[in-house]
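Please read the sequence and the structure shown here together with the briefing that follows.

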Amino acid sequence: MLIKPDLRLSRVIRITWRVDLWMIALCTGAYLVETYVVRGSIHIPGSIPALFGTALAFFIGFNNNQAYSRWWEARTVWGGLVNDSRSWTRNILTYTKATQTATQPVQEIPAEDLALRMIRRNLSFLHALKSTLRNTNSQDYQAYLNQADQKALIHYTNIPAALLDLQSQDLQTLRDTSQIDGFTFLTLNELLVRFCDSMGKCERIKNTVFPVTYLYFTRIFIWIMIAVLTMDIVEEAGIWSIGLGWLIGFVFHVTHLNGLSLMNPFDGNPACVPLDSIVRTVEINVLQMLKSSQIPSPIEAANGEYIL
Amino acid sequence: MLIKPDLRLSRVIRITWRVDLWMIALCTGAYLVETYVVRGSIHIPGSIPALFGTALAFFIGFNNNQAYSRWWEARTVWGGLVNDSRSWTRNILTYTKATQTATQPVQEIPAEDLALRMIRRNLSFLHALKSTLRNTNSQDYQAYLNQADQKALIHYTNIPAALLDLQSQDLQTLRDTSQIDGFTFLTLNELLVRFCDSMGKCERIKNTVFPVTYLYFTRIFIWIMIAVLTMDIVEEAGIWSIGLGWLIGFVFHVTHLNGLSLMNPFDGNPACVPLDSIVRTVEINVLQMLKSSQIPSPIEAANGEYIL
Amino acid sequence: MLIKPDLRLSRVIRITWRVDLWMIALCTGAYLVETYVVRGSIHIPGSIPALFGTALAFFIGFNNNQAYSRWWEARTVWGGLVNDSRSWTRNILTYTKATQTATQPVQEIPAEDLALRMIRRNLSFLHALKSTLRNTNSQDYQAYLNQADQKALIHYTNIPAALLDLQSQDLQTLRDTSQIDGFTFLTLNELLVRFCDSMGKCERIKNTVFPVTYLYFTRIFIWIMIAVLTMDIVEEAGIWSIGLGWLIGFVFHVTHLNGLSLMNPFDGNPACVPLDSIVRTVEINVLQMLKSSQIPSPIEAANGEYIL
Amino acid sequence: MLIKPDLRLSRVIRITWRVDLWMIALCTGAYLVETYVVRGSIHIPGSIPALFGTALAFFIGFNNNQAYSRWWEARTVWGGLVNDSRSWTRNILTYTKATQTATQPVQEIPAEDLALRMIRRNLSFLHALKSTLRNTNSQDYQAYLNQADQKALIHYTNIPAALLDLQSQDLQTLRDTSQIDGFTFLTLNELLVRFCDSMGKCERIKNTVFPVTYLYFTRIFIWIMIAVLTMDIVEEAGIWSIGLGWLIGFVFHVTHLNGLSLMNPFDGNPACVPLDSIVRTVEINVLQMLKSSQIPSPIEAANGEYIL
Amino acid sequence: MLIKPDLRLSRVIRITWRVDLWMIALCTGAYLVETYVVRGSIHIPGSIPALFGTALAFFIGFNNNQAYSRWWEARTVWGGLVNDSRSWTRNILTYTKATQTATQPVQEIPAEDLALRMIRRNLSFLHALKSTLRNTNSQDYQAYLNQADQKALIHYTNIPAALLDLQSQDLQTLRDTSQIDGFTFLTLNELLVRFCDSMGKCERIKNTVFPVTYLYFTRIFIWIMIAVLTMDIVEEAGIWSIGLGWLIGFVFHVTHLNGLSLMNPFDGNPACVPLDSIVRTVEINVLQMLKSSQIPSPIEAANGEYIL
């Protein structure tokens, strides 16, 4: 997530220099063809670039709107994971501890231990999900698991889903040992279902390639429009048509690239959803609720420019 | 789902060659009429193609937006089926197995068997639903059913719905034999209702023809605009008006075809929702949770180009 | 719901002939006024029809988008009714029959009979709701009711709502006689609330007139634009301005009429939501679940052209 | 809610005569300035009104879309209130009456009376909410309350919220006296929460002023555009530029006013949500369910033109 | 929230004077360059500003629509907090008081006291959340807490989340002491989960910076367009091109600034969501329900112009 209101020029150039060079080459070519080959024998009517503009307005609006929707849905899903993690922690802490103070019949497993495990495992779930979505193969999630859990995960490819299974088993243990009743079970299981839903939504956004044809033809049509426009305005603007052609091309390419940067919100580029920062926020909140003494500090902006 | 960022030229040609030939014929005709018949006796004002552009901008935006909504809703519904299948498996596995370890009064049916049946039948449900949506008449869903189930399905035309009935009956058996209590029943039945809803949503998208008039008039208006535009620019662009007319026509036809390829997301064309891949993902997840030794490999991209 | 990808020309003409004649009359009038009365003493600048185009682009986009939303919401609500009807049938069949096999204390009413009544009454509800929405005053819904029910409905104007009351009473009977427990009651009553919501949503769509001013001014502005445009292009296009004026008018009128055909999705016109077909689908599904021997055939397309 | 497909000309004039006069004055002024002061020494380029058109297209689309959303949300919320009122009545009638037939231990309060009170108080709630939203200060809601209720409301400023408190107290009484069990309590309390949500949504729509800047600048920019356009076309259209300027201004002002009429859907203007009619519909439905002999007739259209 | 339909000119100038001066400088520069440097040796074709207009139409529409969505979602979330606060108060008051009248086995904590604490703590939650969102560091929330609560909050950075934890503990106490049963627990805990969700949604909107690139390039492109447009129209409009360039620039800048004022709806600027007023409304409602004698008066509009 970019946080500085002004982009550095270096960033703009870094993103667009390649396309800029190609555009200048294309505009120069179009200028030369129009001036030395065609020599005004034919003229491209002004309605042609205008109709291209209409089509591109559709493509650019479409791509950017859908990209933003994906990005915002991704952000919303992780906002939901934050909320549900807090509710999970709050409910586990309160509703199992309190029950423990009342004398319960069977307590083979120390209730607080089990509750603590379930709360820490939730942090592990968030780390594992983040790692899966970003393809980082990070093992950070192990830090919040005990050895039994680590061993149980060996045979699974989908770590976050496997962690939810473990949560479910412990939830059943809480219930079998009468540490929670059916009503609390309903409440906590509902949260597990919501975690599963959020996980699936993230996978859907990550794994669904945005329809390729829209992006492909947007690019193609921008290139054609630049050439057509440059040839159209040579007569009026002379050699400046190269610059003007590039300028319009720059505008449309930048708009297109804006959309692309939001399209895959878990990619780890500077515009993506700041999972590092979100997960850290939950960690801080949860560890404070556990009255932990070792609370990590919030994620700092990289380069003062963006948060990952 | 197309996965390569660049379309092969062969694919573009394969999709558009027919319409391209017709457009060239039409533009040539319009050029000949304007040049040899009309001979400048009348002139088509530039505002006419511009107003056509306005109308087409609406049609194309409308069709594509609604098509994308159908496609994305279809993808979202199947994302929900993935999540609910995982929750179903997790809940059945945990909440019925755990209860079994506690000594239960009556156990006419081995609990694990029943649970296993219900989990496998869920995979069958996904296969049957996929086959119905794609009209493939595939019998893959039989692989996860025992003989009793296979026999029970004979008289039904709507197989996925019939499978949900069987799930419901086994759920009632679990409850009658006290293997689950009312709270777990609520949880599991809620998932059955969600499966039923997702199934119905897929049927709705599949069976609701996109309003025919929008597609029909989009096509008609593109053709008329090409003719009108070509005639309009003959004076300025001469014989090149044929090429320019085709170019604008190509842009609008391609945009229209983009929308069409998303409109029926269960069709089995390369741009559709990748049901094969989604169902396989669930299979892998579920079979790992069952600790099965025979886990299928993920679906490979056809031709390195798209996933079905 | 229209199902043929191509409209018959006869249908297009049938829908538009009246407006076509008026447009030709108007364009001819505008041509005559411009040619013989005004005689070029004033000229309408091209920016006037262009600004009209901007305003009409808004109106047409707005009307069509909202009309499509109404149509799609109507379709979605009925999709929900289909799903809930299946869940209702499945739940009633499974959860009350199964309880019956266990020995229950009091059984003043044969459980199967009552369950069967509740399932059949649900089909009656769908028929009654369809008849209300289409204003057909059809009595088809009576076929699925026993005499007691038919008598109970005499004093009600809102038949579908009254049928839900009867369902509720029988649900209470099931519970009073201990045939279902509180958890199943929750499940079934939740479905009744959903039926009530869906019914209310249909009434909302049917009874809420689309804001009249939008439709009125769209019509008015199309007519004015045609006149203004025709006068604007007379100089350039001569007598052909009549044809071109009509052509643009045709485009905008057709687009407007497209929206109108979706605006009242329960009207019974060929573009409406195919209630007949949807209700029949549920009937077939439910009667198969009841193992009925008399299963009706699906609704056929009228004229091979559309489904009601 | 306007119900006649054609607006009366008198209504159009009544709404726009003031703005029409101002526009004619402005256009005349612009014509005089251009003709006698500027005298063609400068010329306003055609791109200026065109760019104004672009900006206004945004403003008008934005305002109208958001206004329609507010209006449709308001209508949807009241649709929900209708459905929930029916469910409330159905549930109270069935689930408390039926329980009463079974012999209950304690019955300090006659069950039917209490149920009847709760059903009638719901009608009171709808009347009170309507009166609050429309600022009519009507006392109609008193008709459905007994004296104890009327007295209890004296100290409250928010009458609808206070009525929900009374419903909640009676619900608790039903439960304390074992007339309903926990499952029915859940069902009924869920409806109370929904009533509270719907009430709050209405207040949100009513109390949230649409961002003033959008409306203000839309007005300002329309006025400027009219002046600029008129001056731009004087050369081509002569004195007719006054009429054409007014015509375009009329189009944009009318579109803007269309949006304004939907923006505050509880205002009581002819385009607003027809609360009188909706509340009356619920009254009729509920009183029929209570088998009342005095059933009011539906609300008639005022002037045959609109329903309030 | 601005409440006066007309903006004061002083406000418009205060917001735009800086950008106005820069625009006049830029337009003057462009005029001078075109007149004295370029001298008509090249001419900027009219299609260039028109294509810029197309791109800016996208950017401005996009930014404003998303900004409005953020603002409206923020308002909706706080509307939900209002509703849930009322439901919370109503439920706590009714369902715990009523239970108290029945003789309960253990009552270590006076029930009314606890209920009262929970209701007052909810007001504290709203104040704390408001203060967090506005970064005001206000301590108003302390007024509704007893000393034990104040002490418990010392070690927390996220005060609203910590308050929900305290609510959860007291809810468990109510249940441990049998003052509420499982069904009421479900109801009340559901409200706590909703408070947690609403809090998280507010944080999401506050902490998610709107994609910087969209705002940056909107600004850049407006500046370039002004320069290009001014140079384009110098020939036709002479020195007036400075004024016309400024006018168009003013229109686009104002539209952009409109969007910006809604983008961060918790900022405390005059256009933001009126949290002060919303919280006060809840306070009044709740204190009336508690029959408090000290009821604060509603928030007054600042300067008669806006409500915070």
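**How the copies are related**

Chain D is superposed on chain C by a rotation of 72 degrees, with 0.0 Å of shift along its axis and an RMSD of 0.0 Å, where copies are superposed by least squares on the C-alpha atoms of residues with pLDDT of at least 70 in both. This is a predicted model, in which local features need pLDDT of at least 70 and side-chain atom pairs count only at pLDDT 80 or more, whereas totals for chains, interfaces and linings use all residues. Residues are numbered from 1 along each chain as its sequence is written, chains are lettered from A and ligands numbered from 1 in the order in which they are written, and side-chain values use heavy atoms, with hydrogens and water left out.

**Symmetry and spacing**

- A rotation of 72 degrees with 0.0 Å of shift along its axis likewise superposes chain E on chain A, with an RMSD of 0.0 Å; the two copies are thus related as by a five-fold rotation axis.
- In chain E the residue that comes closest to the rotation axis is E:F183, at 6.3 Å for its C-alpha atom, and in chain D it is D:F183, at 6.4 Å for its C-alpha atom.
- Chain A and chain D do not touch, and their nearest C-alpha atoms are 12 Å apart; chain B and chain E do not touch either, with their nearest C-alpha atoms 12 Å apart.

**The interface of chain D and chain C**

- Contact, meaning heavy atoms within 4.5 Å, involves 57 residues from chain D and 56 residues from chain C.
- Only 4% of the interface residues of chain D are also interface residues in chain C, so the copies meet through different surfaces.
- The size of an interface is often given as the accessible area lost when the parts come together. Here, the buried area (the accessible area, with a 1.4 Å probe, that two parts lose on being put together, summed over both) is about 5,100 Å² between chain D and chain C, and carbon and sulfur atoms give 65% of it.
- Chain D and chain C are joined by 3 salt bridges, a salt bridge being a side-chain nitrogen of Lys or Arg within 4 Å of a carboxyl oxygen of Asp or Glu.
- One salt bridge pairs C:E203 with D:R86, whose closest N and O atoms are 3.0 Å apart.
- There are 13 residue pairs in polar contact between chain D and chain C, with both residues at pLDDT 80 or more; a polar contact is a pair of N or O atoms within 3.5 Å, where within protein one must be able to donate a hydrogen and the other to accept it, and residues adjacent in sequence count only if both atoms are side-chain atoms.
- The side of chain D that touches chain C receives two or more residues from each of α2 (47–101), α6 (182–207), α7 (212–237), α8 (240–263) and α9 (275–289) of chain D, the helices being DSSP runs (H or I, at least four residues) numbered from the N terminus.
- The largest share of that side of chain D, 22 residues, comes from α2(D).
- By class, the side of chain D that touches chain C has 30 nonpolar, 17 polar and 10 charged residues, with Ala, Val, Leu, Ile, Met, Phe, Trp, Tyr, Cys and Pro counted as nonpolar, Asp, Glu, Lys and Arg as charged, and the others, Gly among them, as polar.

**The interface of chain E and chain A**

- In this pair, 56 residues of chain E are in contact with 57 residues of chain A, and about 5,000 Å² is buried between them, 65% of it on carbon and sulfur atoms.
- E:L51, E:R204 and E:V212 supply 12% of the area that chain E buries against chain A, more than any other three residues.
- The count between chain E and chain A is 3 salt bridges, and A:R86 forms a salt bridge with E:E203 in which the closest N and O atoms are 3.0 Å apart.
- On the side of chain E that touches chain A, α6(E) gives the most, with 15 residues, and the residues of this side divide into 30 nonpolar, 16 polar and 10 charged.

**Within a chain**

- Over all chains, the count comes to 55 salt bridges.
- The side chains of B:D149 and B:R121 meet in a salt bridge, with 2.8 Å from N to O; B:D149 lies in helix α4 (residues 147–152) of chain B and B:R121 in helix α3 (residues 111–134) of chain B, so the pair ties together parts that are 28 residues apart in sequence.
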